[in-house]
Amino acid sequence: MTDTISNETRFLHAIEMGLGAWQFGDRVLWSFGQTHNEADIHAAFETSLEAGIRFVDTAEVYGMGQSERFLGAMLKATDQPVLIATKFFPYPWRVHRWFMKYALRNSLERLGLERVDLYQIHWPGLVPPERLMDWMAELVKEGLVRTVGVSNFNPSQMVRAYTTLARRGIPLAANQVEYHLLDRTIEKNGLLARCNELGIRVIAYSPIAKGLLTGKYTPEKLPPGPRAVTAAATLTRIQPLLKLMTKIGQDHGGKTNAQVALNWCICKGTMPIPGAKNAEQAQQNAGALGWKLTPEQVAELDKASEEIVK
Ligand SMILES: NC(=O)c1ccc[n+]([C@@H]2O[C@H](COP(=O)([O-])OP(=O)(O)OC[C@H]3O[C@@H](n4cnc5c(N)ncnc54)[C@H](OP(=O)(O)O)[C@@H]3O)[C@@H](O)[C@H]2O)c1
């Protein structure tokens, strides 16, 4: 671990894994109301907490505010400490700092919080990183935001954000990006290395490739909803990787493919935030903690993933 980590953001580097809350209320991709319901997501949340997960990621756009609303109710009902990350969506009309403050106030209200632990820009958008970070810095100063993050920023956008905040004495805490065995862009474009140099936590989203790495889907048994559109071709390609993951999981006393996928992200120095629709998935994902793939197994998985991913 790098010594460039600032004291304000050290807590994020201590978290090995979080919970993604896009599934809490989203009907479009995640079929909320069909594949899972309110009782299921409450159980997913509680099971995660019991298993030691203390970081939940949401966004104002997830379920059009529903994810934050559900999470707010869950936070109210627990006495456990939980760190919350949410996101500002840079709609093209949000060109003034006022929009960010308004969006944050609404998120805080839905979450029932006075301050968010990590506030992230969901996508780069049209407003330059310098301006977005100036707006963020004000929210930190006002005590509404504990730490600042970005998401889906490429290395140059990220460094611009980092530099702007640094001028105000504020660290860039995290960059949340897609990262899993089927998408290793951040290794190739230098983003992972740059984050390590600058003490920025990499939060890995879709760490089990939206369910495709679990092994429960095949070209004949596709995932429900819009995921099915691109899944068939991918599932055909990734069979050798899935077999290797199963074998490696067995060598660790019967770890599942999902657990191997998540452990691989952790071994690469990132914080995966798997989404879970119910208690069973949450329980299984938490089982990615407390053990480690060997460096040889990480190398084997790397090789198998390189052979199937362009
Ligand atoms: N910043 C961004 O732009 C961005 C983008 C995407 C996601 N995210 C964040 O990252 C989080 C995770 O990413 P994600 O939700 O896209 O994908 P993911 O975590 O890779 O996959 C989650 C899905 O996989 C299935 N699943 C999860 N655990 C399982 C298990 N143990 N066994 C079997 N199936 C399991 C479930 O769907 P089924 O049961 O339906 O298969 C679940 O909804 C999100 O919740 C969100 O917080 C951020």
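**A chat about the fold**

A: Let's start with a helix pair. In α10, Leu242, Met245, Thr246, Ile248 and Gly249 meet Asn257, Gln259, Val260 and Ala261 of α11. This is a predicted model.

Q: What classes of residue make up the contact of α10 with α11?
A: Five are nonpolar, four are polar and no charged residue takes part.

Q: At roughly what angle do the axes of α10 and α11 cross?
A: They cross at roughly 90 degrees. The axes come within 9 Å. Helix α10 covers residues 239-251, and helix α11 covers residues 257-267.

Q: What does that make α10 relative to α11, roughly parallel or roughly perpendicular?
A: Helix α10 is roughly perpendicular to α11.

Q: OK, zoom out. How many helices and strands does the protein have?
A: There are 13 helices and eight strands.

Q: What box do the C-alpha atoms fill?
A: Roughly 50 × 40 × 35 Å, taken along the principal axes.

Q: What radius of gyration does the protein have, and what would a compact globule have?
A: The protein has 19 Å. A compact globule with 310 residues would come out near 19 Å, so the two agree.

Q: How much of the protein is buried?
A: Of its 310 residues, 44% count as buried.

Q: And what share of the contacts joins residues 24 or more positions apart?
A: That share is 79%, taken over contacts with a separation of 6 or more.

Q: New topic, the ligand. Which residues come nearest?
A: Gly20, Trp22, Tyr205, Gly211 and Gly275 do, out of 30 residues around the ligand.

Q: Which helix gives the most to that shell?
A: Helix α12, residues 279-286, with three residues.

Q: How does the shell divide by class?
A: It has 12 nonpolar, 14 polar and four charged residues.

Q: Back to α10. Where is Ile238?
A: Ile238 sits in the loop between α9 and α10. Helix α9 spans 228-237.

Q: Is Ile238 buried or exposed, and why?
A: Ile238 is buried, because 22 C-beta neighbours lie inside 10 Å. The cut-off for buried is 20 or more.

Q: What does Ile238 touch?
A: Leu182, Leu212 and Ile308, not counting residues up to four places away in sequence. Gly190 is 48 residues from Ile238 along the chain, and their C-alpha atoms are separated by 25 Å.

Q: Let's do a helix residue. Where is Leu104 found?
A: Leu104 is in helix α4, residues 97-111. With 22 C-beta neighbours inside 10 Å, Leu104 counts as buried.

Q: Which residues is Leu104 in contact with?
A: Phe88, Tyr119, Leu139 and Leu144, leaving aside neighbours within four places in sequence. As for Ala276, its C-alpha atom is separated from that of Leu104 by 25 Å. The two are 172 residues apart along the chain.

Q: What is the phi of Ser31?
A: It is positive, about 55 degrees, although Ser31 is not a glycine. Ser31 lies in the loop between β1 (19-20) and α2 (38-50). With 17 C-beta neighbours inside 10 Å, Ser31 counts as partly exposed.

Q: And what is the phi of Ser206?
A: Ser206 has a positive phi too, about 50 degrees, and is not a glycine. The place of Ser206 is the loop between β7 (201-205) and α9. Ser206 is buried, with 21 other C-beta atoms within 10 Å.

Q: Last one. Where does Val127 lie?
A: In the loop between β4 (116-121) and α5 (129-141). Val127 is partly exposed, with 18 other C-beta atoms within 10 Å.

Q: What is Val127 in contact with?
A: Pro90, Val95 and Leu132, leaving aside neighbours within four places in sequence. The C-alpha atoms of Val127 and Glu38 are separated by 36 Å.

Methods
Residues are numbered from 1 along each chain as its sequence is written. This is a predicted model: local features need pLDDT of at least 70, side-chain atom pairs count only at pLDDT 80 or more; totals for chains, interfaces and linings use all residues. Helices (H or I, at least four residues) and strands (E, at least two) are DSSP runs, numbered from the N terminus. The radius of gyration is taken over C-alpha atoms; the globule rule is 2.2 Å times the number of residues to the power 0.38. A residue is buried if 20 or more other C-beta atoms lie within 10 Å of its own, exposed if 12 or fewer, and partly exposed in between; C-beta atoms are placed from the backbone. Two residues are in contact if their C-beta atoms, placed from the backbone, lie within 7 Å. A residue is near a molecule or strand if its C-beta atom, placed from the backbone, lies within 6 Å of it. Ala, Val, Leu, Ile, Met, Phe, Trp, Tyr, Cys and Pro count as nonpolar, Asp, Glu, Lys and Arg as charged, and the others, Gly among them, as polar. Axes are lines fitted to C-alpha atoms, for helices over the stretch in contact, and angles run from 0 to 180 degrees between N-to-C directions. Angles under 35 degrees count as roughly parallel, over 145 as roughly antiparallel, 65 to 115 as roughly perpendicular and the rest as oblique.
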